[in-house]
Amino acid sequence: MFNGLFSKKTKVYKHIFFDLDRTLWDFDQNIVDALRDVFFDFSLDSVFPDVNTFINTFTRHNDYLWEKYRLGELKKDVLRYKRFELTLKDYGVNEPLVVKKISDEYIRITPLKTALVPHTREVLEYLRSKYKLHIITNGFDEVQFPKLVKCHIADYFDKVVTSETSGYHKPCPEAFGYSLSSVNAKKEESIMIGDDLEIDIVGAKKFGIDQIYFNRYSTPHKAKPTHEIKDLIEIKRIL
Ligand SMILES: [Mg+2]
């Protein structure tokens, strides 16, 4: 409660900008939940020895293909199918139609999964009476909005800006600029909270706003964010 009195520069924040995936919406847990559903819905227990083998095989191919996608060597719509195609091929199944069905179902159900990062709701509840809350997320409207609605956290936010809406991906400064202008927020009264050091934190810093780095797994780094936390609950001590 004395933070304001003793901090070197007293900032009065009015706007809190959150990242969504892996900051509030538990991306990794939700992916596992979606893969489990797919495994049982498509009776993949007749193909793989167990569900964890399926998840691990998928993860290995998915990570590899995402890297190729990032390097521009693979299109996204190819990635969607290829990761399941390779996963099934490893266990002797070569059925393009099944691959397509599984891929489409996985894409459909993942944004409907509702695991939140621990303390999400408690922190949002605490912040909502003191600040205006917003989201800046890299992603498509049709994927990101259902996540908020299904988890019943959409009402906490005044403004949700996806990269599809703004036309800019974090860490590009325009992504932050678009969001701040859309709610008439000044830089000095804004703070960004996110789990990705480059995309959320270094991006926000370069744009010129304060940051809280949510470093859930205490990954070592050399950046100097304004604040760093490993549990969302620590936000209550900062804000
Ligand atoms: Mg994130």
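## A word on angles and axes

Helix axes here are lines fitted to C-alpha atoms over the stretch in contact, and the angles between them run from 0 to 180 degrees between N-to-C directions. With that in hand, let's walk through this predicted model.

## Helices α9 and α10

Helix α9 covers residues 173-182 and helix α10 covers residues 197-207; the two pack with their axes 9 Å apart, at an angle of about 70°. Because angles of 65 to 115 degrees count as roughly perpendicular, α9 is roughly perpendicular to α10.

On the α9 side, the contact is made by Pro173, Phe176 and Gly177, while α10 brings Gly203, Ala204, Lys206 and Phe207.

## Overall build

Stepping back, the protein has 11 helices and six strands. Its C-alpha trace spans about 65 × 35 × 35 Å along the principal axes.

Of the 239 residues, 32% are buried. If you look at contacts between residues at least 6 apart in sequence, 60% of them join residues at least 24 apart.

## Two domains

The domain assignment gives domain 1 as 3-26 + 116-238 and domain 2 as 28-112. Their C-alpha centres lie 30 Å apart. Where the domains meet, the contact takes six residues from domain 1 and five residues from domain 2. The domain 1 side of that contact has three nonpolar residues, three charged ones and no polar ones.

## Backbone spots worth a look

Most residues other than glycine have a negative phi, and most peptide bonds are trans. Here are a few places to check against that background.

Which residues are joined by a cis peptide bond? They are Lys170 and Pro171, with omega about 10°. Pro171 sits in the loop between α8 (163-166) and α9, the helix that packs with α10.

His119 is not a glycine, yet its phi is positive, near 75°. His119 belongs to the loop between α5 (96-109) and α6 (120-128). Is it buried or partly exposed? With 16 other C-beta atoms within 10 Å, His119 is partly exposed.

Asn184 likewise has a positive phi, about 55°, without being a glycine. You will find Asn184 in the loop between α9 and β4 (190-194). Asn184 counts as exposed because it has 9 C-beta neighbours inside 10 Å, and 12 or fewer is the cut-off for that class.

Notes: Residues are numbered from 1 along each chain as its sequence is written. This is a predicted model: local features need pLDDT of at least 70, side-chain atom pairs count only at pLDDT 80 or more; totals for chains, interfaces and linings use all residues. Domain bounds come from an automatic or database domain assignment. Two residues are in contact if their C-beta atoms, placed from the backbone, lie within 7 Å. Ala, Val, Leu, Ile, Met, Phe, Trp, Tyr, Cys and Pro count as nonpolar, Asp, Glu, Lys and Arg as charged, and the others, Gly among them, as polar. Helices (H or I, at least four residues) and strands (E, at least two) are DSSP runs, numbered from the N terminus. A residue is buried if 20 or more other C-beta atoms lie within 10 Å of its own, exposed if 12 or fewer, and partly exposed in between; C-beta atoms are placed from the backbone. Angles under 35 degrees count as roughly parallel, over 145 as roughly antiparallel, 65 to 115 as roughly perpendicular and the rest as oblique.
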